[in-house]
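Biologist: I have the file open next to the sequence. Can you walk me through it?

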Amino acid sequence: MKRIASLLCASALVASAIAAQGETFRIIARIDPTMTADIDLARLYAFEQNVSLRVRTDPRFVPNERVIEMVESIGMVDGVGLSITRGYDIDVEHDLVVAWSGGSAEITAVQETPQGLVVAGLFKDHEGHITVPPQGSLAAYTTAGQRLCFTSKRIVVEPDILPMSFAVLVDRSGSVSSEMDRIKSAARAFIDALPDSANCSVGSFAKDWSLSHQTDGDQTCEPDNFDIESWVAAGSTNIFGPLRDAYDWLNDPARIDHQKAVILLTDGRANLDADSEAATLLAKRGVFTFVYYMGKSDDRWLKGLADSFFADTGGAVPNLERYFNVVSEVYAEQTVLELTPCPEDQP
């Protein structure tokens, strides 16, 4: 099976300047773009220290101070009795705390099943390396301190456990013509790294656009399912139309429980059309949007739309492959917990 992948979004509180091989990149945070930190892109996992798969935008599901105080008072320990004071994440919606004694924990998805909750998590050690926690080093609780039992396993993506859907949108306007072959190669490799069982809609856009789901229906994420080699760079750039079509597909009720995201690769500016901007933002409805921007200008609208905005100011397309590699590594190391009721005599 191909390497499991997913999409990566910048931490809502971190904006990072990245320098590598003479080229400069910048990740723009959604909330506070004044916070900066230097990161060496050559160290793959150093980059991952400051990125997250999950941005909570609904205030109902953001843990308040009282909930955090309750969790901190639990006195959490892992399966072998080691104390856990920092490495935990809280899911308020499902009254769930997942903790790891060996680093940090992030709940990336929760699915309710007749047998109980199935939880996908991302775990980083103290150096920021994404990893699978050793047996006995995890713990799960309710926010009130009730210990929960579970089995854990490194994720092998199966649609009934962790369904995923991705839309990949690639600019084929005339201004990218000199890099089109390399862009197509990188896109093929990225799609090939996505889970076999995930759904993909792959599209290209210039003044016109098309997405594969509109003509061929849903397709699994295998590059041979998409006519990537037929893309020819020519014409102007229309960003709003293909984005809205991608959002409509991802927000279909059939994908309500999916982990889903849009990856947009472009060097063009969004046209100044207030009505199209408003309609596109409305269609987004919380779908994670990752923009790899190769343009020379400052496209503020795209920054405002993106959960992760990568500005390749040097035009170094080979680094697009690095970006895709980082994205794929993140989901390759997710862990699934299947929660079950604990025996009454278990502490």
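Modeller: This is a predicted model. Helix 5 passes helix 6 in a left-handed crossing.

Biologist: At what angle do the axes of helix 5 and helix 6 cross, and how close do they come?

Modeller: The axes of helix 5, residues 240–250, and helix 6, residues 274–284, cross at roughly 20 degrees and come within 9 Å. An angle under 35 degrees counts as roughly parallel, so helix 5 and helix 6 are roughly parallel to each other.

Biologist: Which residues in helix 5 and helix 6 meet?

Modeller: From helix 5, Phe240, Leu243, Arg244, Tyr247 and Asp248. They meet Ser276, Glu277, Ala279, Thr280, Ala283 and Lys284 in helix 6.

Biologist: And by class, what is in that contact of helix 5 with helix 6?

Modeller: Five nonpolar, two polar and four charged residues.

Biologist: Changing topic. How many residues are in the largest nonpolar core, and which have the most contacts inside it?

Modeller: That core has 33 residues, and Phe166 and Val170 have the most contacts inside it. Helix 3 (180–193) and helix 8 (318–332) each supply at least two of its residues, as do strand 13 (164–171), strand 14 (199–205), strand 17 (259–266) and strand 18 (288–293). The largest share comes from helix 3, with six residues.

Biologist: What does Val170 touch, leaving out residues up to four places away in sequence?

Modeller: Val170 touches Met180, Ile183, Ala187, Gly203, Ser204, Phe205, Trp231 and Leu265.

Biologist: What does the second core include?

Modeller: The second core is separate and has 23 residues, including Ala283, Trp301, Leu302 and Ala311.

Biologist: Where is Ser173, and is it buried or exposed?

Modeller: Ser173 sits in the loop between strand 13 and helix 3. Its relative accessible area is 1%, so Ser173 is buried. Setting aside neighbours within four places in sequence, Ser173 is in contact with Phe205, Ala206, Ala233, Ala234, Gly235, Ser236, Thr237 and Asp267.

Biologist: Now Met76. Where does Met76 lie?

Modeller: Met76 is in the loop between helix 2 (65–72) and strand 6 (88–91). Met76 is buried, with a relative accessible area of 2%. Beyond its neighbours within four places in sequence, Met76 is in contact with residues including Val71, Leu82, Ile84, Tyr88 and Tyr141. Arg147 is 71 residues from Met76 along the chain, and their C-alpha atoms are separated by 8.7 Å.

Biologist: What is phi for Asp95 and for Arg285?

Modeller: Most residues other than glycine have a negative phi. Asp95 has a positive phi of about 50 degrees, and phi of Arg285 is also positive, near 50 degrees.

Biologist: Where are Asp95 and Arg285 placed?

Modeller: Asp95 is in the loop between strand 6 and strand 7 (96–100), and at 36% relative accessibility it counts as partly exposed. Arg285 is in the loop between helix 6 and strand 18, and at 61% Arg285 counts as exposed.

Biologist: Last one. How many helices and strands does the chain have, and what share of its residues is buried?

Modeller: The chain has eight helices and 20 strands. Of its 347 residues, 54% count as buried.

Technical notes: Residues are numbered from 1 along each chain as its sequence is written. This is a predicted model: local features need pLDDT of at least 70, side-chain atom pairs count only at pLDDT 80 or more; totals for chains, interfaces and linings use all residues. Side-chain values use heavy atoms; hydrogens and water are left out. Axes are lines fitted to C-alpha atoms, for helices over the stretch in contact, and angles run from 0 to 180 degrees between N-to-C directions. Helices (H or I, at least four residues) and strands (E, at least two) are DSSP runs, numbered from the N terminus. Angles under 35 degrees count as roughly parallel, over 145 as roughly antiparallel, 65 to 115 as roughly perpendicular and the rest as oblique. A crossing is left-handed if the near helix is turned anticlockwise from the far one by less than a right angle, and right-handed if clockwise. Contact means heavy atoms within 4.5 Å. Ala, Val, Leu, Ile, Met, Phe, Trp, Tyr, Cys and Pro count as nonpolar, Asp, Glu, Lys and Arg as charged, and the others, Gly among them, as polar. A nonpolar core is a set of buried Ala, Val, Leu, Ile, Met, Phe, Trp, Tyr and Cys residues joined through side-chain atoms within 4.5 Å. Buried means under 20% relative accessible area, exposed over 50%, partly exposed in between (1.4 Å probe, protein chains only).
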